[in-house]
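Here is a short briefing to read alongside the model. Please keep the structure open as you go.

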Amino acid sequence: MKEISFRNDVLPLKNELYRLALRITLNREEAEDVVQDTLLKVWNRRNEWQTIESIEAYSLTVCRNLALDAMKRMGNHVESIEDTGADSVDRASTPYELMMQKDRISLVRQLINSLPEKQRSCMQLRDIEGKPYKDIAAILGITEEQVKVNIFRARQAIKQKYQEYEQYGL
């Protein structure tokens with residue numbers, strides 16, 4: 001069993017933890033607080049690290065639970081995530097095409113934000129973080145089959161709502 005180091009194994013997860021917390025809370029400040037609390041909680045359990053199979057899965061699980069607690073405290077007062085600027089947009093396009101791309105990205109963000117938390121978390125961990133189903137199941141405390149069902153339903157809901165928007169507009 002390898003020696004776990006906070007600096008080398010836990011700290012590099014902070015961006016991933018932040019993205020998960022942000023996807024759940026939909027609030028930047030709250031997500032930052034959740035990441036800090038997560039890192040603190042993981043550090044305080046350092047005596048038990050050698051018994052943990054995956055420090056990454058453990059950290060993500062702690063982060064998710066703290067984010068869910070934060071949402072309960074906020075009374076599910078949810079606002080949309082503002083543009084992070086992380087989305088790449090084709091710079092060679094015309095201004096009209098650029099505007100349309102940004103609008104579509106914004107719409108997809110809104111659609112993801114409107115999903116139930118478990119579907120949002122599954123989609124974040126699978127489609128954005130690239131985690132295997134097994135890890136997602138461990139992080140969320142559900143079966144791999146439930147992970148697949150949640151991802152399927154999330155994708156279907158987004159596809160359906162997106163097509164409705166494209167066909168009818170707002």
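This is a predicted model: local features need pLDDT of at least 70, side-chain atom pairs count only at pLDDT 80 or more; totals for chains, interfaces and linings use all residues.

Residues are numbered from 1 along each chain as its sequence is written, and side-chain values use heavy atoms, with hydrogens and water left out.

**Overall fold**

- The protein has 8 helices and 0 strands; helices (H or I, at least four residues) and strands (E, at least two) are DSSP runs, numbered from the N terminus.
- Read from the N terminus, the order of elements is α-α-α-α-α-α-α-α.
- Of the 170 residues in the protein, 39% are buried, where buried means under 20% relative accessible area, exposed over 50% and partly exposed in between, with a 1.4 Å probe and protein chains only.
- Among contacts with a separation of 6 or more, 67% are between residues 24 or more positions apart; a contact means heavy atoms within 4.5 Å.

**Nonpolar cores**

- In soluble globular proteins, nonpolar side chains tend to be buried together.
- A nonpolar core here is a set of buried Ala, Val, Leu, Ile, Met, Phe, Trp, Tyr and Cys residues joined through side-chain atoms within 4.5 Å.
- The largest such core has 35 residues, and Trp49 and Ile55 have the most contacts inside it.
- Two or more residues of this core come from each of helix H1 (6-10), helix H2 (14-25), helix H3 (28-44), H4, helix H6 (117-128), H7 and helix H8 (144-168).
- The element that gives the most to this core is H4, with 10 residues.
- Another core, of 8 residues, lies apart from it and includes Ile112, Met123, Ala154 and Ala157.
- Leaving out residues up to four places away in sequence, Ile55 touches Ile4, Asp9, Val10, Leu13, Val42 and Trp49.

**Aromatic rings**

- There are 3 aromatic pairs, counting rings of Phe, Tyr and Trp (its six-membered ring) whose centres lie within 6.5 Å; planes under 30 degrees apart count as stacked, over 60 as edge-to-face and the rest as tilted.
- Phe6 and Trp43 form an edge-to-face pair, because their ring centres are 5.3 Å apart and their planes lie at 75 degrees.
- This pair links distant parts of the chain, with Phe6 in helix H1 and Trp43 in helix H3, 37 residues apart.
- Trp43 also pairs edge-to-face with Trp49, at 6.2 Å centre to centre and 70 degrees between the planes.

- A pocket is found on a 1 Å grid over the protein atoms alone, as an open set of points where a 1.4 Å probe fits, with protein on both sides within 12 Å along at least five of seven lines; lining residues have an atom within 4 Å of a point.
- The second largest pocket has a volume of about 190 Å³, which is the space filled by probe spheres set on the points, with grid points joined across faces, edges and corners.
- Its lining consists of Ile52, Glu53, Ser54, Ala57, Tyr58, Thr61, Lys134, Asp135, Ala138 and Ile139.
- Helix H4 (55-73) and helix H7 (133-140) are the elements that give two or more residues to this lining, and H7 has the largest share, 4 residues.

**Single residues to look at**

- Thr38 sits in helix H3 and is buried, at 0% relative accessibility.
- Beyond residues up to four places away in sequence, Thr38 touches Leu17, Ser59, Val62, Cys63 and Leu66.
- Leu26 is not a glycine, yet it has a positive phi of about 60 degrees.
- Leu26 lies in the loop between H2 and H3 and is buried, with a relative accessible area of 4%.
- Pro12 belongs to the loop between H1 and H2 and counts as exposed, at 52% relative accessibility.
- Pro12 and Glu56 are 9.8 Å apart in space, C-alpha to C-alpha, and 44 residues apart in sequence.
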